[in-house]
Amino acid sequence: MDRLDNTVRPYAWGSTTAIAQLLGVEPTGEPQAEMWMGAHPGAPSRTGRGTLAEVIDADPERELGAASVAKFGPRLPFLLKLLAAGAPLSLQVHPDLDQAKAGYADEERRGVPADAAHRTYKDANHKPELVCALTDFDGLCGFRAPLRAAELLDALGVDSLKPYVDLLHAHPEEAALREVLTAILTADRDEMARTVTEAAAACDRLGGEHAPYADIAHHYPGDPGVIAAMLLNHVRLQPGEALYLGAGVPHAYLNGLGVEIMANSDNVLRCGLTPKHVDVPELLRIVRFEAGDPGVLRPEAAPDGEELYDTPTDEFRLSRYVLPAGGTTRDLTLAAPQILLCTAGSVRAGEHQLSPGTSVFVPAGEKAEVSGTGTLFRATVVA
């Protein structure tokens, strides 16, 4: 197995302390948003044999296993991250696989440059994802029931929000959510900025369930996404709890440290809380206008002490092991590629001693014995 040397991405929303604290090093003073573990071309992990992308490209079947290559192609189909949000991320959705293929082919056909600011589809893949909290973790996930969203907006006492409140009362669920989100995203920007300023002041005054939106508005003053965010469920995860984000589900991470895993894609359609391009027509085509419970996941017991976060996605499978003091050695060998990430304690994986924030890549079929005391996350595929 290969010890991984991973890149930390300095996005502006990143925490300045969380990843450094996990690693046990001094903070740099700069935002540290994500640590990437995998073979994504944007920042592949480094090994003693070259980058992980180079290692896999040299012999895909040896590194990934024949079953994974047959199902997903000659590339690692997932990207594992440590995600440390110190400020809200953009409000966003991801396409399903058919939508991604069609959208990518259309932009390629129209000659939209790959690095263009208005480019929507970076690749032809979908991007389901799962985030598991390591600390208290706040996020937004899926639509509230329209009547609950109406109550939240109405309580602000902002006159310019009254039409949205009326729409949420007057239509069936899907139509209500679609019409209100459309109205928010297509409103006059100056008028919406004034509405957001009023709404933010009211959220700050009311506190309680309005408090998260006051904080969002502090980071994104005047952004229409502040009002759009109030249509969504606010979720606070406790350590060990997780959220699965499927295609078309609007979401945003607000604050906290977690382990995130996703299919290897960069396809993001933004709804707000961002200075980046918002493709409103395509966004409205992709969003699933369905209200419901955000569906907090808790790990399910599996054989040999494994705790599995069960999702409908084959590109990744995330589980964890909480290894007790004096525990026996566990054999985690699989006929599929794995990344093992330590998040607490001290864990020995093969010849490598792992401390919090360190990880190894285990090629398919490679012996993978682990021991020690701590918490170990295992990322692999369903091949």
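Apart from neighbours within four places in sequence, D223 is in contact (heavy atoms within 4.5 Å) with V196, G272, L273 and T274. The model is a predicted one, in which local features need pLDDT of at least 70 and side-chain atom pairs count only at pLDDT 80 or more, while totals for chains, interfaces and linings use all residues. Residues are numbered from 1 along each chain as its sequence is written, and side-chain values use heavy atoms, with hydrogens and water left out.

D223 sits in the loop between α10 (211-219) and α11 (225-229), where helices (H or I, at least four residues) and strands (E, at least two) are DSSP runs numbered from the N terminus. With a relative accessible area of 10%, D223 is buried, a term that here stands for under 20% relative accessible area, calculated with a 1.4 Å probe on protein chains only. A polar atom of the D223 side chain lies 2.7 Å from the backbone nitrogen of G225.

On a 1 Å grid over the protein atoms alone, a pocket is an open set of points with protein on both sides within 12 Å along at least five of seven lines, a cavity is a set where a 1.4 Å probe fits but cannot get out, and lining residues have an atom within 4 Å of a point. The largest pocket holds about 990 Å³ of space, a volume being the space filled by probe spheres set on grid points that are joined across faces, edges and corners. Its lining comprises 40 residues, and Y11, S90, V268, R270 and K276 are those nearest the centre of this pocket. At least two lining residues come from each of β3 (34-37), β6 (78-85), β12 (251-263) and β13 (269-272), with β12 giving the most, five residues. By class, the lining of the largest pocket has 19 nonpolar, eight polar and 13 charged residues, where Ala, Val, Leu, Ile, Met, Phe, Trp, Tyr, Cys and Pro count as nonpolar, Asp, Glu, Lys and Arg as charged, and the others, Gly among them, as polar.

The second largest pocket contains about 300 Å³ of space; 14 residues line this pocket, and A39, H40, P41, R75 and N264 are the closest to its centre.

One cavity of 30 Å³ or more is found in the whole structure, and the largest cavity has about 40 Å³ of space. Its lining is formed by L91, F143, L181, A228, L231, L232, P250 and C271, which by class gives eight nonpolar, no polar and no charged residues.

How values were computed: Buried < 20%, exposed > 50% of the residue type's maximum accessible area, 1.4 Å probe, protein only. Polar contact = N/O pair within 3.5 Å; in protein donor to acceptor, adjacent residues only side chain to side chain.
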